[in-house]
Structures are given as structure tokens and as C-alpha cells.
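Here's a set of questions for anyone meeting this structure for the first time. Have a look at it, then read on.

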Amino acid sequence: MRTRRRLSAVLLVGALVLAACGGGDETETADSESPAAAPTGSDTGSGSEAPPPASGEAETTMVANEAGCGDNKVESIEATSDTEVVFTLCSPDPAFLQKIAFVVFAIQPSEYLAETGGAPLEAPVGTGPFVLENWNRGSEITFTRNQDYWGEAPAFETLVFRWAEESAQRITEVQSGNAQYGTNISAPDYELVNADDNLVLLEDLNPNVFYMGFTNTFEPFDNPDVRRAIAMGIDRQRIVDTYYPEGSEVPDFFTPCQIENGCVGDPWYDFDPEAAQALLADAGYPDGFDTTIHLRDVFRVYLPEPQTVAQEIQTQLAENLNINAEINVMESGAFIGEVSEGNLDGIHLLGWGADYPHVTNFLDYHFAGNVQFGDPYPDIVSALAEGAAEVDPAAAEPIYEEVNNLIRDEVPMVPIAHGAAADVASASLGNASVPPFGAPQFKTFQPEADPLVFVQNAEPISLYCSDESDGESLSACEQVLEGLYQYDAEGNAVPALAEECAPNEDGTVWTCSLREGVTFHDGSDFDAGDVVATWAAGMDASSPLHTGNTGGFEYYTYLWGGLMNAPAVEPTEGATETATSTETGSETTSEAPTGSETPTESES
Amino acid sequence: MGAGSGGEQAGGPGGADSLASQEAAQQRRTGDSVTRRSTGLAEGDEPSDDELLDEPLSVWRLAMRRFFRRKLGVLGLAIVTLLALVALTAPIIAPYDPIQQLDRVEGTDVARRDAPSAEHLLGLDSNARDQLSRIIYGARLSLPLGVSIVLAAIIVGASIGAIAGFFGGWLDTILMRLMDVILGFPALVLAIAIAYVLGNAIQNVLIAVAVVTLPQYARVMRASVLSIKEVDFVAASEALGASSWRMLRTRILPNALTPLIVLGTLGIAGAILEAAALSFLGLGAQPPTPEWGSMLAQEYTLIRTYPHLVIYPGLAIMVTVLGFNLLGDGLRDALDPSLNE
């Protein structure tokens with residue numbers, strides 16, 4: 001009896017090994033250069049019928065969209081060897097590297113994912129500079145230095161994450177020496193920091209834009225001259241000078257200049273109330289008109305004082321253009337919902353914080369078909385489609401120049417400000433800075449004392465960041481986990497676990513050569529199977545490991561055009577759902593670091 | 001046994017006189033009590049002998065007299081009167097336009113959030129508007145709003161209570177259970193829900209707060225009607241052939257008003273507070289309307305750095321609520337002398 005069981009076990013293991021080898025063979029025969037020739041089926045472990053692989057079993061070597069591309073951007077992800085992964089896209093994506101550098105796509109060991117059933121919520125295992133030591137729920141998270149880190153190991157032993165909801169609390173923590181670094185300081189609190197020699201303000205350069213949007217399906221905003229008149233009739237310099245903290249800028253373009261190709265073309269209109277009034281009169285509104293300014297009273301870096309700025313705009317509209325605007329402060333969720341469906345008659349005040357450093361993150365989301373501004377502007381949509389197919393930034397520059405000029409001409413919105421934010425640190429904390437993307441890179445910090453204590457806005461929700469979108473969770477994950485690429489201190493996407501990801505000629509196939517000799521915190525070796533398994537767990541809706549915390553996997557959905565092998569939905573509902581989830585994802589994430597300020601400030 | 005029997009024994013031959021004087025004293029005491037009851041006088045309000053000889057005072061005049069003898073009630077009246085005057089004369093006494101951004105005015109050297117100064121006694125708000133002027137204009141909104149809410153709630157609530165109490169039966173059951181349903185919700189939560197459904201506007205705040213407060217007026221009115229309709233003069237009206245509506249209108253309602261007046265005065269304070277709370281939550285007055293609750297909402301995060309922006313609107317709400325509460329307490333003491341016995 002026992003012998004028969006042993007025999008069965010040996011046969012089973014043998015069968016699995018053969019299956020794994022078979023998958024590899026199949027992959028090798030596929031032409032990775034040719035998307036058409038790439039197998040579309042799901043390989044081991046990715047199909048809904050395949051059981052989750054147990055620890056030590058054969059790894060997933062490929063995940064693919066069985067029903068073809070549809071709206072998805074990724075067709076398949078395949079481990080062609082232990083050190084090579086091939087991403088086959090449905091269409092070129094010039095922002096591929098910038099997207100995969102996002103910590104949401106950080107890699108965890110395939111065995112560990114299987115052990116945890118696809119939900120390693122509390123104890124992530126990564127390759128990062130810090131190892132999670134302990135998460136004392138409600139109190140703090142402790143990390144220790146990863147002695148075997150493949151890069152330069154941190155200069156200190158222990159990193160502690162704590163949280164405090166109010167900006168003033170965070171300042172007090174640093175002032176009192178309980179912490180060395182606090183995030184997201186409210187602008188009125190700058191004075192407190194500047195008045196204390198032991199503290200320094202660290203400028204946060206996360207690219208963002210605040211704008212006033214028009215829905216062109218409502219009168220009189222269907223008239224381009226009305227929109228242009230408002231563009232000229234708003235004194236944006238006064239708004240930035242009066243209501244924004246130091247370091248904020250008046251935009252010349254919708255996209256901030258830190259983003260490559262964001263600032264090409266003709267700069268925005270100068271403030272000229274006389275010309276604006278003349279234009280409005282020519283448009284048939286010599287006496288102005290009545291409208292509504294819709295907003296939500298939620299603090300964001302791009303709009304630190306929503307009601308105050310709304311009243312300033314209301315006053316300017318009345319004084320400069322004779323436009324009588326009522327202010328309608330809406331509940332945040334309802335506001336976003338109505339905006340994303342293009343239902344708001346009037347002007348809406350909203351903004352955008354960058355998710356990843358690429359111009360498509362600003363322009364494509366807003367102007368490549370989004371109904372937020374009413375009927376999409378066909379000339380802008382077609383130019384953006386052209387830009388999205390161009391992987392080479394230099395070659396894309398004239399395209400985005402045209403796009404920016406078209407936006408200036410059509411005026412679907414008026415960009416008002418690029419808001420600045422700041423963190424606070426102890427003056428003795430060496431090498432402290434805020435990167436434009438992601439959390440502070442504590443591995444490079446030089447604290448006087450050990451441990452280094454960091455105070456952020458709120459406690460993380462979970463530390464399985466594939467399925468999280470709040471800034472607090474992501475900043476903790478970034479200390480432990482790494483992706484194929486990561487953002488450097490200037491916000492560029494640079495190789496991390498990949499030595500390089502190179503596109504084919506048309507930008508539809510990206511081949512990533514992986515870094516060798518990297519080990520996870522649990523001692524297991526990093527290889528291509530881990531990459532495929534991690535992406536399959538996040539992106540393949542049919543995977544048994546597609547579990548997560550809420551199962552939403554918002555960033556996989558948002559950045560890659562939806563999940564692979566997702567259950568079919570009714571066409572109309574599907575369209576609505578996509579629009580909503582997209583907005584939710586970006587709203588949550590792009591503004592997440594400041595979003596936690598919301599509970600205090602949005603209660604009003 | 002006690003003092004009386006002791007006195008009788010000690011009295012001796014003079015015992016009969018003593019007994020008579022005791023009876024007279026007893027009679028006086030009883031008479032006093034009757035007088036007090038019939039005139040509604042409290043212990044400390046005994047009229048002097050001269051007054052007893054004067055023309056009898058009406059219940060209202062006596063109430064007024066009692067009211068003005070209580071300093072706190074008078075203080076409440078003074079606050080409310082002052083606030084009413086401020087509201088009425090706002091365009092005259094306010095030093096600036098409440099929605100004028102003063103940093104836009106040429107030749108001025110002011111910045112938003114300027115601290116209180118001789119030119120701007122309560123400082124400037126985050127949009128560089130004079131805060132004193134905004135608070136003065138806020139009275140113009142909050143006071144009429146509080147009074148309107150209570151009037152609306154009294155008119156509807158008292159009518160429901162009167163009908164329920166007077167006619168009784170199934171009508172009473174249905175109406176009062178309906179009131180119980182409203183009372184079953186936490187008032188502010190229900191008001192938020194109503195205001196949210198109706199939309200962000202000050203008139204919707206009026207409706208929301210009036211709806212959540214009307215059950216208390218209905219219950220008080222019903223209780224008054226139930227007790228008054230058993231009194232003899234109502235039975236006499238009925239015997240003389242008066243119709244139900246006539247009895248309700250001319251006999252019962254006038255006699256049931258006293259508790260409503262007290263409750264209504266106190267209710268204004270609560271209504272102003274709830275309306276400010278709704279505006280604080282963004283459901284009431286919309287910017288740039290100078291409303292105390294929305295002024296607080298806009299600035300409350302600045303309490304550490306610019307406390308004047310938060311303290312003064314808060315004080316305005318507090319003083320107004322205090323004024324109406326003191327006035328209400330004074331009226332209750334004056335109109336319900338049983339509390340003083």
C-alpha cells in the first residue's frame with residue numbers, strides 16, 4: 001500500500017516536471033518576435049482548471065489572454081528561460097518601462113504566492129533593501145536591513161513606519177525627535193517648519209495639474225470661443241501666487257514639464273480680460289451667462305484649498321467675464337462619478353497626479369476618448385493614437401507638439417496650477433529627499449540615529465501591493481519589494497530586477513533579461529518563473545492565485561486595459577465599469593499620498 | 001400629636017381663642033395657596049397688599065413680570081435682541097462687503113488670513129474677506145433661518161399633535177406612530193439624509209431640520225390638547241353646541257400655546273446649531289454666502305495657524321445658541337410657575 005502511494009507520488013512529480021518542460025518547449029518554439037505566432041492559450045497554472053502550484057512544484061511559465069486581446073494591452077507574458085521574460089503586447093505601449101517600474105508590479109516568489117493562496121497580505125517577500133520584520137497592527141511596521149541585497153545595502157539597520165492623520169501631528173513627531181521624517185505637510189504648516197532650525201522642508205516634485213474642465217455637450221461650453229474666452233479670462237498667476245505653496249507653477253501645458261514631451265508646442269494663453277470679453281461677446285454672450293462650478297471639498301496636492309480656490313475662480317469669472325457662477329460642493333464619490341460620465345453641466349474643478357512618468361499618463365487618459373469633457377475631440381484623439389504607437393520619445397516629440405497645440409486650440413479644460421507639496425525631515429537626516437514618483441528611498445538615507453522612524457498619513461491597508469492602490473500601502477511595499485524596473489531619484493524608470501527590457505521594432509514585444517544571482521528574503525532564487533507567476537496572479541482573472549485583498553487589482557485593470565481572461569460582461573455595463581474603475585484607480589493612486597489627508601479635511 | 005395639641009393644652013382658658021386664630025391662619029394659608037394657584041404666582045412672587053387691591057393682572061402680564069425678575073432670561077433676551085438688530089442693520093453696520101476679496105481692491109495692502117487689526121477687527125479670511133462683516137451678515141442668515149425652521153416645525157407639528165390629541169382613535173395612532181418613526185432616527189443623521197437627497201441649498205436645510213424637529217412639537221401639543229379637552233370650559237362649549245373645529249381653535253389651542261412657546265424658543269437654538277452643522281458638512285449654504293457653519297467648515301483646519309478664522313464664527317454660533325437658550329429658560333420659568341414651587 002505504502003509502496004503504491006510512493007509510486008503514485010513519484011509519477012505525479014514526474015508528470016508535473018514533464019508538463020513544465022513541455023511548456024518550456026512550446027514556448028521556445030514560439031516566435032517571440034511575432035505576436036501573431038505567439039500562443040494565445042494559457043499554459044500551466046494560468047488556466048482556471050489548473051490547480052494552484054504547491055511550493056516546490058513546477059512554476060507557471062506563461063500566461064496569456066485566451067480570448068485574444070479585446071481591450072487588453074497585454075497578450076501574453078512568457079518565461080522563455082530562467083533569465084528571460086517576454087511581454088507580448090496587443091499594441092505598442094511607449095510607456096511600458098515606466099509602467100512596469102510601478103511597485104504594484106513588484107515581483108514575489110512563485111512558491112510563496114502559491115503558499116499564501118495568492119494573498120500574501122501581511123508579510124511580503126521581496127528582493128528589496130529592507131526585510132519586513134514585524135507589522136504591529138495599529139501601531140507600527142518594523143523593517144530591517146537586507147544583508148544580502150543585490151544593490152548597495154542601506155547604511156542603517158532598522159526602519160520604522162508609523163502614521164499620524166494630521167499634518168501638525170507629523171510635524172510634532174519630527175520636532176520631538178520621535179521620528180526623523182514626516183510626509184505631506186499642509187501649506188499653512190510650512191511656517192511651523194521654517195521657524196524651527198531643527199527641521200527642514202523637503203520639496204515634493206510629484207508632477208500634477210489642477211484644471212477647470214468643461215463638458216462640451218452642454219451649452220454654452222459647446223462653443224469653442226466660450227472656452228477660449230474663459231482660458232484668457234482667468235488670472236492663473238494670481239491663483240497660484242495667492243493660494244498655492246511655494247514651488248507651485250502656472251502651467252504652460254496640461255502635462256508638467258518634468259514629463260518628457262509634456263511641454264512641447266505653444267504655451268497657454270496669456271491673461272487678457274479685454275480680449276476674453278470680446279471673444280465672449282463674439283460668441284453671443286456679451287452679458288456673460290449663468291453657470292455652475294462643481295467641485296469636491298477634498299485636499300489634494302494639486303488643489304490644496306478647494307473651496308477657497310473655487311471662490312476665487314467664481315469671483316474672477318464674475319469680474320473678468322461677467323459670468324455668474326454658483327458653487328456646488330459635491331460629495332467626493334458622487335463628484336468623480338458624475339465627472340467621469342460627463343454629466344456635469346458647467347465647470348468642474350479637478351486635477352491629476354502622475355501615476356507613472358510618461359506623457360500618455362496625462363494626455364491619453366484625459367483626451368483620448370474620455371467622456372469627462374463631453375464628446376471627445378477627434379483631432380486630439382487621432383493625434384494621441386499616433387503618439388501612443390511611437391516608442392521612441394524623440395520621434396514622438398512632434399506628435400505631442402501637435403497634441404498640445406490642439407488642446408490649446410480646443411480648450412477642453414484650462415490648466416490652472418502645478419501644485420507643490422512638501423515633507424518634513426529632521427535637519428540631521430542625511431541625504432533625505434522626496435522622489436517625484438514613489439515613496440522616499442530610505443535605502444539611500446543617512447540617519448544620525450538608528451532606527452530611522454518615518455511618519456506617514458495612515459496605516460497601510462495590506463502589504464500585497466498588487467491589489468492595493470493607497471499611497472500608504474505602496475510606500476511600505478517599496479521598501480521590501482522590487483519590480484523589473486524602478487524609479488530613480490529623478491523619476492526615471494531604471495532597471496532593477498531586469499538588467500534590461502528591450503522592445504522589438506514596432507514596440508509590441510518587450511524582452512526582459514533578468515538580473516542573475518538575486519535572492520528573495522526567504523532565501524529562494526529569483527527567476528523568470530517568479531515574474532510570470534506574479535503577473536499571472538495580478539493580471540489573469542482565471543488564475544487560482546488571482547485572490548489579493550479585495551480582488552480588485554485596480555492598477556492591473558487600469559494600466560493594462562483590463563484583466564486577462566476576465567468573465568464576460570454586458571457591453572454597456574462593461575464600458576461603464578471600465579470608465580469608473582479607471583477613474584477610481586488613478587484618483588486613488590495618483591493622489592494617494594495626500595489622499596489620506598482626506599479623512600480630516602473632507603469631512604467638511 | 002405635635003405643636004397643635006401642645007398649644008391646646010397650654011392655652012388653658014384662652015384655648016378657644018387660640019383655636020380660632022389657628023383656624024384663621026390655616027384658612028389664610030389655604031386661601032393663599034388658592035390665590036397663588038389661580039393667579040399662577042410663585043412663592044417668591046407674592047403680591048404686596050397694595051397690588052392685591054389693584055385690578056387683577058392678566059396671566060401674560062404676570063408672566064412678563066416674572067420673566068423680567070430673572071436676570072439670565074433678560075440676558076438671553078438682550079442677546080437675541082442685539083443679534084436681531086445686528087441682522088436687521090447689517091448693510092449699515094458691516095464695515096465691508098462680506099463677499100468682497102479685499103486683496104483685489106487697488107490701493108489696499110492686505111493679504112488673506114491677516115490677523116485682527118484696527119481696520120479689520122476680526123481679521124481677514126482665506127479669501128481675504130473681512131471676517132467681521134461676514135459674521136454680521138451671517139446673523140442675517142442664521143437668525144431668520146432658525147426662526148423659520150421652528151415656525152415651520154410648530155405649524156406642521158402642532159397641527160398634527162392637535163388633530164391627533166383632539167380626535168384620538170385611529171387618526172391619533174397613525175399620526176403619532178409616524179412621529180415616532182421620525183423620532184426613531186438620530187435627528188442630525190436624518191437631517192443629513194434629507195438635505196443630501198434634496199440637494200445643497202439653504203432652503204433644503206430649513207426643510208430638513210424642520211422635519212426632524214416637528215415630532216417634539218406634535219407630542220407636546222397632543223399632550224396639552226389631551227389634558228385641556230377634559231377641562232370644564234371645553235365641556236361647556238361642547239354643551240353649547242360648538243363644533244369640534246371651533247372648540248379646537250378657540251378653546252383648546254390658545255390654552256395649549258404656553259409650552260409651545262417655551263419649546264419653540266429653545267428649539268431656535270437647536271435649529272441654528274443643526275443648520276450650522278449641515279452647512280459645516282457642505283449641505284447648506286454654498287460659498288461665498290456668509291454662513292457661520294460654512295465659514296467654520298472652510299477654515300477649521302487652520303485652527304493652529306490662524307485661530308481667529310475658526311474662533312470667531314464658532315463664537316457667533318455659541319453666543320446665539322446661548323442667547324436663545326437663556327431666553328427659552330427664562331420664558332419657561334415665567335410661563336410655568338409650577339417649576340418654582
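Q: What makes two strands a pair?
A: Two strands pair if DSSP finds at least two bridges between them. Keep in mind that this is a predicted model.

Q: How do you know that β9(A) and β13(A) pair, and what stands opposite Tyr211(A)?
A: Strand β9 (residues 208-214) of chain A is joined to β13(A) by 4 bridges, and the cut-off is at least two, so they count as a pair. The two run antiparallel. Across from Tyr211(A) you'll find Pro415(A) in β13(A).

Q: What makes strand β13 of chain A mostly covered?
A: Take its residues, 413-417: 5 of the 5 are buried.

Q: Why are β1 and β18 of chain A called edge strands?
A: The open sheet has 5 strands in the order β1-β2-β3-β19-β18 (chain A), with antiparallel pairing. β1 (62-64) and β18 (498-503) of chain A each pair on one side only, and that's what makes them the edges. On average, neighbouring strands of this sheet are turned by 15° against each other, direction ignored.

Q: What lies across this sheet's strands β1, β2, β3 and β19 of chain A?
A: Helix α15 (residues 528-539) of chain A does, running at about 160° to β2(A).

Q: Which residues touch the most other members of the largest nonpolar core?
A: Val85(A) and Val532(A) do, in a core of 163 residues. The element giving the most to this core is α15(A), with 8 residues. There's also a second, separate core of 75 residues, with Met179(B), Val212(B), Val262(B) and Leu263(B) among them. In soluble globular proteins, nonpolar side chains tend to be buried together.

Q: What makes up the secondary structure of chain B?
A: It comes to 14 helices and 0 strands. Of the 341 residues in chain B, 40% are buried. Looking at contacts in chain B with a separation of 6 or more, 69% come from residues 24 or more positions apart.

Q: How do you know that the span of helix α9 of chain B is close to what's expected?
A: Helix α9 (residues 187-198) of chain B has 12 residues and reaches 16 Å from its first C-alpha to its last.

Q: Which residues of α9(B) are buried, and which are exposed?
A: The buried ones are Ala191(B), Ile194(B) and Ala195(B). They cover an arc of only 95° around the axis, which puts them on the same side of α9(B). On the other side, Val189(B) and Val197(B) are exposed. The cover over the buried residues includes α10 (202-228) and α12 (244-280) of chain B. After α9(B) comes Gly199(B), whose phi is positive, near 110°.

Q: Which peptide bonds are cis?
A: One joins Asp450(A) and Pro451(A), with omega about 10°. Pro451(A) sits in the loop between β14 (421-426) and β15 (452-456) of chain A. Another runs from Pro287(B) to Pro288(B), with omega near 10°. Pro288(B) is in the loop between α12 and α13 (292-299) of chain B.

Key
Residues are numbered from 1 along each chain as its sequence is written. Chains are lettered from A and ligands numbered from 1 in the order in which they are written. This is a predicted model: local features need pLDDT of at least 70, side-chain atom pairs count only at pLDDT 80 or more; totals for chains, interfaces and linings use all residues. The expected span of a helix is 1.5 Å times one less than its number of residues. A residue is buried if 20 or more other C-beta atoms lie within 10 Å of its own, exposed if 12 or fewer, and partly exposed in between; C-beta atoms are placed from the backbone. The arc is that of the directions from the helix axis to the C-beta atoms. Two residues are in contact if their C-beta atoms, placed from the backbone, lie within 7 Å. Axes are lines fitted to C-alpha atoms, for helices over the stretch in contact, and angles run from 0 to 180 degrees between N-to-C directions. A nonpolar core is a set of buried Ala, Val, Leu, Ile, Met, Phe, Trp, Tyr and Cys residues joined through C-beta atoms within 7 Å.
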